[in-house]
Amino acid sequence: MADAKQKPEEKGRFIVERQYVDDRRINEPKKLDAGGMDVSGRWGLLIEPRTITSFDHTLMRDVQREAGGKFIHRCFQCGNCTAACPTAEEHPEFNPRYFIHVVRMGYQAELERVRQYVYLCASCGRCTETCPREVDPAGVMAAIGTAVRKAR
Amino acid sequence: MSDSGRVLVIGGGPAGLRAAADLAALGIPVVLVERRGELGGAPIRWKYKTLAPELRPTEEVMGPMISEVESHPLVKVHRNSVVERVSGPAGNFRIALGESGGGAQELGVGAIITATGFEHFDASRDPRYEYGRAANVIGIHELEGMLKDGRVVCKDGRKPERIAFVFCVGSRDRATNPWCCTVCCGVSIKQGIELKQLLKDVEIYNIYIDVRTFGLWEQLYWSSMEEHGINFIRGRVSQIYDTGKQLLVKGEDTLVRGPFEVLMDMVVLAVGITPGEGTAQAAKALDLTCNTFGFLQPRHPNVHYDSGKAGIFLAGACVAPMSVEEAILAGSAAAMQAAKFVRKPALQAAAG
């Protein structure tokens, strides 16, 4: 992972069309020695691909074991939960439908990006009331919060 | 009974068999012409193990119809035969039959039911999917036979651990066929469940644009997720690469707006439904109209059995893509129309 102390704007400044590349995917080592050769900074730069390379259901199974998370696998991604969610209305990164899918398929990089928003759930239960498949999204959100914390 | 009281049924699949059996049960003699060597159509030819939506054995449906037709004294079956020419007026058609061995004969009938069915889409027409080149890329029609034999393995004998179903191959695509085949979502999901039951710890990924499990077939979709843990990914596969040992499946998960390139052991293509060669041949022999897709065009789009030509009726997947249960209904409906047609003089006389 990139050095946290480095200012984002300095990172990867030699990349052509730099603005298209997400900061988190730029791996530019401050100090790196490759068998006696100094490949620090731009010489050791690596842009991590955005492509999803595996589907992994470990986290989903963890969520299923937490209280409220039992029915996460029922979700067919209709988005009724997000549509009913008062938090989602205000915060674009808080999207129960999206969290469920990311956890289900085990998209780690994406989860890393959005995990800080998981805890914005106000537990009002409107999602659970509206869900056509009885997924209990409110319970699932709580379970995801617990499972993500434990996985750290 | 005279020739004009007899009905010709072209095609021995679900629609044609049902039509022939119903007509015979009404006391109407039937000539059933089947291009292939055996009766049963696609379900028997491709060894469908079970039928959606309840995974009942195909034999439960096809078996009784086949034996009804084969044993009924009023049905004369011509296998390995095609209708080459039809002449004469409705009610007194003259039929020229050709046999694959070279034999030929002529006979007279009063009405005709065309039930020439469909072909599973030939996926080698879409080079993105490596069908016909990569050993472990197969079609749903081929998987049916493997499931029936109870043995699903990769070409090198390995047990597949991850299997992807690619929906809408040769369907909903201007490069091949723009229509929806209506059944391949349900069939793929059914097969996913059967693979889970057969291979236990296999992971199944259904890659779909929409899941079109209409009517009561929706239950299949729900249970595949809820009881069998099958995964669904919304997107359309853009390319399959054969790595030699596995298959790299490339697409976009449109629900996270993320491109994916994931390795699978086996890829099953949910190939669509296309008008068969038999349909094109029958259309020519009977001078019937085909629509732009090559299916037979009924007079009115909502009344499938009416060909628009007196005495000629349509049934089954030669008119539009459909399920086995719909084809059976269509066969029965066409039989009723043909019966009305050949019995018209007698019915009018009876009504005074």
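In chain A, the axes of helix 1 (residues 58-65) and helix 7 (residues 137-151) come within 8 Å and cross at roughly 115°, where axes are lines fitted to C-alpha atoms, for helices over the stretch in contact, and angles run from 0 to 180 degrees between N-to-C directions. Helices (H or I, at least four residues) and strands (E, at least two) are DSSP runs, numbered from the N terminus. This is a predicted model, in which local features need pLDDT of at least 70 and side-chain atom pairs count only at pLDDT 80 or more, while totals for chains, interfaces and linings use all residues. Residues are numbered from 1 along each chain as its sequence is written, chains are lettered from A and ligands numbered from 1 in the order in which they are written, and side-chain values use heavy atoms, with hydrogens and water left out.

The crossing of helix 1 of chain A and helix 7 of chain A is right-handed, a term that applies if the near helix is turned clockwise from the far one by less than a right angle, left-handed being the anticlockwise case. Helix 1 of chain A contributes A:L59, A:D62 and A:V63 to the contact, and helix 7 of chain A contributes A:V140, A:A143, A:I144, A:A147 and A:V148, contact meaning heavy atoms within 4.5 Å. Of these contact residues, seven are nonpolar, none is polar and one is charged. An α-helix has 3.6 residues a turn, so residues three or four places apart point the same way.

The structure holds zero disulfides over all chains, a disulfide being a pair of cysteine sulfur atoms within 2.5 Å. For A:C75, the nearest cysteine sulfur is that of A:C81, 6.3 Å away. A:C75 counts as buried at 11% relative accessibility, and A:C81 is buried too, with a relative accessible area of 7%; buried means under 20% relative accessible area, exposed over 50%, and partly exposed in between (1.4 Å probe, protein chains only).

Turning to chain B, an open sheet of three strands has the order 15-16-17, with antiparallel pairing. Strand 15 (239-242) and strand 17 (258-264) of chain B stand at the edges with a single partner strand each, so one side of each lacks a neighbour in the sheet. Neighbouring strands of this sheet are turned by 20° against each other on average, direction ignored. Strand 15 of chain B pairs with strand 16 (residues 247-253) of chain B over four bridges, pairing requiring that DSSP finds at least two bridges between two strands, and B:Q239 stands opposite B:K250 in strand 16 of chain B.

Key
Nonpolar A, V, L, I, M, F, W, Y, C, P; charged D, E, K, R; others polar.
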